[in-house]
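Open the model in your viewer and keep the selection tool at hand. Each stop below tells you what to pick next and what is there.

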Amino acid sequence: MEQTVVMTGASRGIGRIAAEYIMTKEPDTHLVILARGPVDGPISRSRNVSVIRADLASMRSTVEAAAEVAGRLQAGVLPPMRALVCNAGIQYTNGLTQTVDGFEATFAVNVLATHVLVRRLTDSFQAPARIVLTVSDTHFGDFRHNLGLVPGPQWFPADLLARTGTFPNPESATAGRTAYSTSKLAAIYLVHEYAKRLPPGIAVMGYNPGFVPGTDLARDADPFSRFAMRRIMPLLTATPLATSPAGAGRYLADVALGTIDASSGAYIDRNHPARSSAESYNPEREQDTWNAVEGLTAPW
C-alpha cells in the first residue's frame, strides 16, 4: 500500500534503524524524514525517501517543515499520510540550555516541537492513521526502570518547565537529566490529551523503547558517561534490563506501521501495550499541559 510516513529522529540511533526497517517491510511507503542535517547510509539512497530540513529547537523551522509536508501532500506529490513518528529527543547536561525562542531546550525539542507537528499536520492525515511519540520509562523515576541513571521527574506547570533554571542546581547534569525525564512525563500527558481530541480514525500512542545503551542520547554527557553508554552498558542488552538498538528500532517501526495493535492513548512498552506510571494518569495535569503548550506555541 502506498502511504507516507513522516518521521523525526531518523538520522541516527533507533530512529535510523526504524526507518530502514519500515522501508524494508513496506517498500511502497514514502518516508519523509525531518532532520536538521543530511541523512546518510542506505536509507538516503532510496527513491522513496525525502528529507526536509527541520531544526526542532526552532519553532519557526518546525512550522516551516510541517508546512512543506502539508503542501506536498495537498499537491499530490506524496501518497496519503498514514503515520507521524515523533522520535527525536534530546538530553542536556544542565537545565540552562536555551533555544533561539527562549525556551528550555529539552522541553522545546521533546514536547513543544512535537506539539507543533501534531497540530500542524492533523488535517493532513488520511484515516486510518496513527501518531507515535517516543517517550521513556525514566518517567517512572524508580531504579527498576532506569537503574538509577536518570532522576525521576519533578513536576511543575508546563509553562515553568519551558523555562530554563526551573530545577534545583540548574547548572548540574542532574538538572539536565531531570528535565529529560520530566519532559517525557509531559509527553505522556499529551498522548492522553491527544487521544481525547484527535479526529476519529487517528490514533496516538506513546512508545517506550526501554533503556537502550549504545545510542547517541548521551552525546552531550561527560566523557566517562559517554564511554559507559557506548562500551559498557550495551552488555546489559543480554538481560531484561536493556533493549538493543536493533530491537528498539524494530519495535518503533512496528508501532508506526500498526503491527503492534493498541488503542489510542496507549503506552507501548517495547512491543506490547502496558501501564505507564501511576503519576502519568492525571486528567488535571493532562489538560493543564495541553493548555500550556497551546499557549506557548500559539505565536507559531
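## Stop one: a buried alanine

Select Ala248: this residue is buried, with a relative accessible area of 0%. Buried means under 20% relative accessible area, exposed means over 50%, and partly exposed lies in between (1.4 Å probe, protein chains only). Before going on, note that this is a predicted model: local features need pLDDT of at least 70, side-chain atom pairs count only at pLDDT 80 or more, and totals for chains, interfaces and linings use all residues. Residues are numbered from 1 along each chain as its sequence is written, and side-chain values use heavy atoms, with hydrogens and water left out.

Ala248 sits in helix α8, residues 245–257. Helices (H or I, at least four residues) and strands (E, at least two) are DSSP runs, numbered from the N terminus.

Which residues does Ala248 touch, not counting those up to four places away in sequence? Show Ile14, Tyr207, Pro209, Val212 and Thr243. Contact here means heavy atoms within 4.5 Å.

## Stop two: α1 against α8

Colour helix α1, residues 13–25, together with α8. The two pack at an angle of about 55°, and their axes are 7 Å apart. Axes are lines fitted to C-alpha atoms, for helices over the stretch in contact, and angles run from 0 to 180 degrees between N-to-C directions.

How do α1 and α8 lie to each other? They are oblique. Angles under 35 degrees count as roughly parallel, over 145 as roughly antiparallel, 65 to 115 as roughly perpendicular, and the rest as oblique. The crossing of α1 and α8 is right-handed, meaning that the near helix is turned clockwise from the far one by less than a right angle.

Next, show the side chains in the contact. From α1, pick Ile14, Ile17, Ala18, Tyr21, Ile22 and Lys25. Their partners in α8 include Ala248, Gly249, Arg250, Leu252 and Asp254. The residues of this contact divide into 12 nonpolar, 1 polar and 3 charged. Ala, Val, Leu, Ile, Met, Phe, Trp, Tyr, Cys and Pro count as nonpolar, Asp, Glu, Lys and Arg as charged, and the others, Gly among them, as polar.

## Stop three: aromatic pairs

Rings of Phe, Tyr and Trp (its six-membered ring) pair if their centres lie within 6.5 Å; planes under 30 degrees apart count as stacked, over 60 as edge-to-face, and the rest as tilted. By this rule the count comes to 5 aromatic pairs.

Select Phe156 and Phe167. This pair is edge-to-face, 5.9 Å centre to centre, with 70° between the planes. Phe156 lies in the loop between α4 (143–146) and α5 (158–161), and Phe167 in the loop between α5 and α6 (173–197), 11 residues apart. Phe156 is partly exposed at 26% relative accessible area, whereas Phe167 is buried at 8%.

Move to Tyr194 and Trp290. Their ring centres are 6.1 Å apart and their planes stand at 80°, so this pair is edge-to-face. Tyr194 is in helix α6 and Trp290 in helix α9 (residues 283–297), 96 residues apart. Both residues are buried.

## Stop four: backbone details

Zoom in on Ala127 and Pro128. A cis peptide bond joins them, with omega about 0°. Pro128 is in strand β5, residues 125–134.

Go to Asn169, in the loop between α5 and α6. Is Asn169 buried or exposed? It is exposed, with a relative accessible area of 53%. Phi of Asn169 is near 45°, a positive value in a residue other than glycine.

Finish at Arg270, in the loop between β7 (266–269) and β8 (272–274). Phi of Arg270 is near 60°, a positive value in a residue other than glycine.
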